[in-house]
Amino acid sequence: MASERHQPDASSSNTELDQPHVEKLVDTPAEKETEMADQPNAETNAEANEENVTEKTTEGVPLDRAPSQAAKMGKNKIIVVMTALCLALFLAALDMTIISTALPTIAAQFGASESGFSWIASSYLLANAACIPLWGKISDIWGRKSIIVLANVIFLVGSLICALAHNMATIIAGRAVQGVGGGGIIILANISVSDLFSLRDRPMYFGLFGATWAIAGALGPVIGGAFTTSVSWRWCFWLNLPVGGVSLVILVLFLHIDSPKTPFWAGVRSIDWAGTFLIIGGTLMFLFGLEFGGVNYPWASPTVICLIVFGVLTLVLAMFLEWKVAKFPIIPPRLFSEWYNILILLICFCHGTAFISATYYLPLYFQTVLQSTPILSGVYALPLVLSLAIGSITTGIVMKKTGRYREMIIAGMSMMALGFGLFIDLKPYASWSRIIIFQLIAGFGIGPNFQAPLVAFQANVRPADMATATATFGFIRQLSTSMSVVLGTVIYQNVLSQQSAKIIAAVGPETAAAISASFGAASKSIIEGLTPSQRAIVLGVYTHSLSRMWIFYTCFCGLGLILALLVRPRELTRHHTVRKTGLAEQERARQELIDSQRKAESKTEIEA
């Protein structure tokens with residue numbers, strides 16, 4: 001297999017059929033010379049030996065000449081398919097933020113309460129997070145192509161419901177349907193790239209996804225504001241139909257990933273429904289508790305406490321059932337059996353927690369302190385977006401060239417810690433040099449860790465667990481972002497309330513109460529009515545409250561950096577594993593895992 005070191009790109013990468021990932025540790029020269037020396041664990045060694053024999057006797061094709069699925073498609077089709085995947089991902093990410101500037105208009109048209117106002121936005125995020133684990137498993141059963149097409153269709157149906165909605169209940173339901181489909185698009189785009197390309201080539205394509213995500217997050221408020229003021233808020237949803245339709249047609253025609261012909265009811269019966277409902281229910285309860293806390297109910301209320309506590313307990317019960325009962329678990333507990341994997345998931349959690357705060361609270365700074373419009377706040381965030389996109393794409397290219405990811409994770413977390421630490425020094429006035437430079441540094445730090453930890457995680461799991469591992473990674477990231485926004489808001493509001501005496505002394509109790517109750521652009525009319533000296537005091541309090549919040553997120557960046565330093569250095573292989581799907585393959589992988597565990601136990605007993 002020596003020729004694998006000379007493959008120039010994804011389309012010519014070597015491929016193995018159903019082999020575990022082969023990585024080259026860089027700890028010693030001897031390990032570099034032995035290509036099969038560093039399997040993730042003993043179980044995959046046994047699996048590799050068995051599969052080598054099966055492949056050579058059944059296929060008759062040398063492993064180092066077996067074409068990857070990307071190679072079968074050719075470069076032109078790869079470009080077309082990646083464009084379609086990026087378009088679908090763009091829409092799924094866009095709909096997380098596009099609604100922000102349209103919310104006041106939608107709420108006014110439907111006469112929504114404050115609770116209904118917030119549910120238009122949060123219903124998408126809640127449904128997105130809760131259903132992510134299921135998408136990975138059903139793509140293992142019915143294949144990637146059919147399931148990513150299904151996710152696109154669900155997303156477009158949700159968009160159509162929202163565009164035609166004539167009351168609050170309908171638009172909230174439509175947003176929830178959108179969230180289910182959007183979560184599937186995000187996860188299955190990553191899984192499809194994992195099926196098509198080797199570990200060495202994936203980072204470049206994941207980098208494109210990271211850049212797409214960043215651009216969509218920044219353009220969302222701008223596009224939403226433009227539609228709302230110039231045409232109608234309904235165009236925030238109509239936009240998805242033609243663009244999403246083009247993406248859907250391209251995927252149907254050009255995405256070629258081997259898919260099984262799994263009977264529908266056989267596939268339905270094989271799904272771990274107990275684990276699925278417990279994970280979805282536990283996630284929703286936990287996120288509902290965070291959503292209600294401090295808004296609908298006090299944080300110390302029985303409702304909030306019960307939702308959070310029982311949500312966590314339900315998730316723990318779900319994982320117990322996944323471990324002891326489930327035949328085909330949607331989150332395999334074995335993913336957490338190695339400290340290496342736990343480290344990577346914790347880094348993902350830290351990155352998600354900090355990353356979302358920049359995209360959420362920098363616009364808040366622009367709107368409250370600099371008194372910009374929502375559309376202008378999106379323009380002011382362009383330095384973050386551009387540097388994030390450049391950092392993400394550059395990281396993908398570097399990882400493809402070098403085959404190393406540890407250095408990129410450490411560099412990214414270091415830059416994030418520096419950038420978010422600098423945010424603490426943002427002023428209560430428009431210091432553009434600080435605003436631009438600080439965002440550039442933070443963006444270059446955020447970009448690398450969109451794909452580097454995911455590739456590191458995929459490099460240490462069995463091929464049979466690739467889809468569920470990718471879904472688990474996405475689930476952790478989505479949970480971290482949901483928790484982050486709530487925790488940041490709590491810190492901001494608590495510090496703001498501690499400064500209330502200063503505001504009351506400057507503007508009086510009535511105006512102070514109005515300022516404390518306002519959020520974002522809603523405070524603009526109040527601030528404009530103050531004298532220059534009063535305005536300076538209020539804006540100073542806003543800036544101080546935000547700075548305490550940035551300290552919190554800087555600590556998460558620092559924690560992520562410490563964890564990154566503990567990750568072992570490895571070199572990614574150009575070897576590619578053709579991952580089969582379907583019930584027969586699921587059963588084969590399960591039996592091999594059981595056999596390898598029995599062999600390991602027998603070996604331990606003999607040695608004892």
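Arg462 and Asp465 form a salt bridge (a side-chain nitrogen of Lys or Arg within 4 Å of a carboxyl oxygen of Asp or Glu), with the closest N and O atoms 3.6 Å apart. Both Arg462 and Asp465 are buried, meaning under 20% relative accessible area, with exposed over 50% and partly exposed in between (1.4 Å probe, protein chains only). This is a predicted model: local features need pLDDT of at least 70, side-chain atom pairs count only at pLDDT 80 or more, and totals for chains, interfaces and linings use all residues. Residues are numbered from 1 along each chain as its sequence is written, and side-chain values use heavy atoms, leaving out hydrogens and water.

**Salt bridges**

- Searching the whole structure gives 11 salt bridges.
- Asp201 pairs with Lys400, their closest N and O atoms being 3.7 Å apart.
- That pair links distant parts of the chain, 199 residues apart. Asp201 sits in the loop between helix H8 (168–196) and helix H9 (202–230), and Lys400 in helix H17 (residues 382–402). Helices (H or I, at least four residues) are DSSP runs, numbered from the N terminus.
- Asp201 and Lys400 are buried.
- Arg588 bridges to Glu585, with the closest N and O atoms 2.6 Å apart.
- Arg588 and Glu585 are separated by about one helical turn because they lie 3 residues apart in helix H26 (residues 583–607).
- Arg588 is partly exposed at 27% relative accessibility, whereas Glu585 is buried at 8%.
- A network of salt bridges links Lys137, Asp140, Arg144 and Asp195.

**Nonpolar core**

- The largest nonpolar core has 165 residues. Such a core is a set of buried Ala, Val, Leu, Ile, Met, Phe, Trp, Tyr and Cys residues joined through side-chain atoms within 4.5 Å.
- Helix H15 (residues 339–368) gives the most to this core, with 16 residues.
- Residues with the most contacts inside the core include Leu85, Phe420 and Trp550.
- Trp550 touches residues including Tyr361, Phe420 and Leu426, not counting residues up to four places away in sequence. Contact means heavy atoms within 4.5 Å.

**Packing of H4 and H8**

- The axes of helix H4 (residues 75–97) and H8 come within 9 Å and cross at roughly 145°. Axes are lines fitted to C-alpha atoms, for helices over the stretch in contact, with angles from 0 to 180 degrees between N-to-C directions.
- Residues of H4 including Met82, Leu85 and Asp95 meet residues of H8, among them Arg175, Ile185 and Val193.

Technical notes:
Helix = DSSP H or I, 4+ residues; strand = E, 2+ residues; numbered from the N terminus.
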